[in-house]
Amino acid sequence: MKSLQKIDIAARDLSEEVHDANFIGAKMKSERRYAALERDYADPDKLRETAGLIKQHTLENLDTYLEKAEAALQRNGAKVHFAVDDERAKQVVLDIMNEHGCKSMVKSKSMLTEEIHLLDFLEKNGKEVVETDLGEFILQIDHDHPSHIVTPIVHKNRRGIAKSFEREGLGDYNDDPETITRRARKFLRQKYLDADVGLTGANFVSAESGRIALVTNEGNARFCMAANKVHIAIVGIEKLVPSDRELGVFLNLIGRSGTGQQLTVYNQFIGGPKSAGQPHGPEHMHVIFVDNRRSEVLASDCREILRCIRCGACLNVCPVYRQSGGHAYRSVYPGPVGAVLSPLLAGNRFPELADLPKASSLCGACNEVCPVNIPIPDLLLRLRDKAKREKAGDAMKGTPDLTMWAVLCSQPTMWKTALKMGHTMNYIPTEMIPHPSAMSWQSQRKLPKFEGGKFRKWFKNHKSN
Amino acid sequence: MTTCLCDAFYADVAQASVEVLEYLGCDIELPDGQTCCGQPAFNAGDWASARKVLRSALKTFPGDKPIVVPSGSCAAMVFHGALLAFEKETDLPEVKALGGRTWELVDFIVHGLGITEWPGKLDAKLTFHRSCHLRGSESPQAISTLLASIEGLEVLPIDEVEQCCGFGGTFAVAFPNVSKSMGELKVENLTKPEPDIVAAADMGCMMHFGGMMDKKGIETKRMHIAQVLRDSLKNAGKI
Amino acid sequence: MSSDRDAIFSSIRKALEPIKNPAPMPEWDTELVISRPSGEFASLKDQFENKLKFASARFMDSVDALGEFLKAEGVTIGYCDPALAGRFAGLEGVEIETEYDEAKIDVYGFGITRATAGIAESGTIMLRDQDTSARLAALAPWIHVAVIDEKDIVATIPDAIERFGDDPSIIFCTGPSKTADVEGILIEGVHGPGIQVALVI
């Protein structure tokens, strides 16, 4: 069927194995999230709402907070850089590496580096880069990309991973997850010791202290700041929060929302280069604040999406994500958050991703679980309106044109006539209606019996009695 | 507000809503010019068409009487969606006022009229689909409160109560594969506890998963919440 | 570089300009973020112990217990913060080095360093860079022993945040290093310690 939406095709064609891994993984995390929040808080919604307001406040005063963060970091001895877009961000990273004579990099997980395709760029420029998050490392050796923000290889299974490890010379075929993990530990440990620079993202930045908060479970971000002398943190400008105090709100939410953990195992707060007496760790810290169209999103009527703290809760609960998997979204950010953020970050490539906001039944589960209370369905609707106004073709695929319907519904007389005429529907086999929407509907469901006007007639008689 | 679905397909749901409200002493008016709330176009991204339909509703429902709708989704369109569709329009205040007096049926009964016990009787086991548009509203609590007070009625818990049935208006036709998988899960969760009745507060959802049950030959009785309330009153001899 | 800075600030200001009433900072009470305790505890130490176990970390409150544990784990060599080494001098069958030798990163079976605080609310060990004698010692060995003075056990996460001071690198450790990347199966000890011990003295 030509009229099918890309995400629907992806869901239809997803192998059962990947579908099940994705579906079960998402469902399990969603249940854990719910259990953890209900166990630990009398009123989790109050916490979510407050977190949302804090982020919204920060975004709507972003110039002030960004200046504060810059000043604080400089005070702490870090060097602050700015990059307007992906090209500039990559160049700044390369320049820093060259300035310090660095050849090799270990990096921890950062969605922003996926967004700007940092790895390819550095490798093309002769640098060695190793992803150290286990999932990201597996994606790197497979030349694959994440299908989930938090659990990047939810689409892979142990057998495929074992084969990849064998191919890369990391040992004979062994698909025991513990063995896989130990082998990665051993291999990556040497990389940490050899690397010149460690690169991290940032989950939050405290404007008041300049501290960058990093949230991980594996400890790889710690290792990216232990044996090397240079640390680069690459940060989207939307990551700011006013002060250290607010970190308490977000740390309590991000682990519970993402994986159902009270806290992730490691929460790091990095304000600058290592302290004077410390034998290990970076002597130089560089922080790169990247815009890459975030200020355009800030200017749009979808700015609430910049509150996102990348916990993945909306992906996990989303019935469409559960069926289609992350790769169906054809962008760095999948799921409900991606359906809003990806088209916005695409700039003039908006039409290519304008179908994503359509991939939702608008059920609102995403908003219900969002730790920063982003009204995702409203934003999806705004983008649908934008796609329609800008005539983004793919977005309208499979959606019936409702112009005539609107005329009908705004003319009561016509509407009542239609209610009478609709009865003809009951006299033809509805499977025969040659309309694509009707056919699509009928393939899985029966249509109800038409009884237009019956209630009106009853009411009239009822009232006159 | 009858809703276009009840106007065209589900006359008894609308009738039950009237009977229930009249039992509670309400005087019901049925403005003849009513059509639809505009939601299909709004969700499809055709906001210009949605506004056209809503402006017609503005004319049809003047004054300050409460507007009661036997559908969480249509009610939410009027009190929430419409505000988005009109945010840059000059008649936003009128739309806001319309939304301000629009209620989902059971929310109106419990929070508008202050009824917290339902004097009905219904010997049955029931599963309830919490329609997505009730999310964040007072309706789900209102519905559980009333159902819990009906004599003889047992509400069975279901798995994945927060999950959507896969209808989503034009979503169901534009994404038939995803919608089908979602619907099948919903049908499975709703029927697994072996209820006598599957109930919902939205005929949109019911048309979708009910149509799916028909196709699959699952004959479990389906009722709108208004019908449950009305029939239980009849059984108790109250009407 | 400065042109990027100017361009970013200029587009942010342009984006914010039409917002007539920027969202105010919400007032929020610290109580809001404090999680419900999982039971009744006689002391912060008891709560800390309970939550450590919940996070799959080990609680110990004597050097002897640690000695027994290391023996059972078959560990014979490790690193210890020189300022703490005196306490562990009596451990039998265990060799302790007080200068971290990077070449022995895979030789050290344990690392003992000082923790700045323990957080009873979450079973978290807080390490400040200024209190940690060697970052690698707290990270690379399979067993990390964080030595916590009982009076440094604070009640809540906000209490711990208040102790950040001017330290450039603070780490909260809540349990051992772990992953569930492969098929959602939990594996402890990915890059960091597979066993996290809190020794309260």
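The model is a predicted one, in which local features need pLDDT of at least 70, side-chain atom pairs count only at pLDDT 80 or more, and totals for chains, interfaces and linings use all residues. Residues are numbered from 1 along each chain as its sequence is written, while chains are lettered from A and ligands numbered from 1 in the order in which they are written.

I begin with the chain contacts. Two residues are in contact if their C-beta atoms, placed from the backbone, lie within 7 Å. Chains B and C have no contact, and their closest C-alpha atoms are 14 Å apart.

Between chains A and C, 75 residues of chain A are in contact with 59 residues of chain C.

Two strands pair if DSSP finds at least two bridges between them. Helices (H or I, at least four residues) and strands (E, at least two) are DSSP runs, numbered from the N terminus. Which residue in β9(C) is the bridge partner of Asn267(A)? That partner is Phe172(C).

Turning to chain B, 57 residues of chain A are in contact with 55 residues of chain B. Several helices of chain A each supply at least two residues to this side, among them α1 (6–13) and α23 (454–464). The most comes from α19(A), with 6 residues.

Within chain A, α2 (residues 16–40) and α12 (residues 244–259) pack at an angle of about 140 degrees, with their axes 6 Å apart. Axes are lines fitted to C-alpha atoms, for helices over the stretch in contact, and angles run from 0 to 180 degrees between N-to-C directions. The helices α2(A) and α12(A) are therefore oblique to each other, since angles under 35 degrees count as roughly parallel, over 145 as roughly antiparallel, 65 to 115 as roughly perpendicular and the rest as oblique. Residues of α2(A) including Lys29(A) and Arg32(A) meet Arg256(A), Ser257(A) and Thr259(A) in α12(A).
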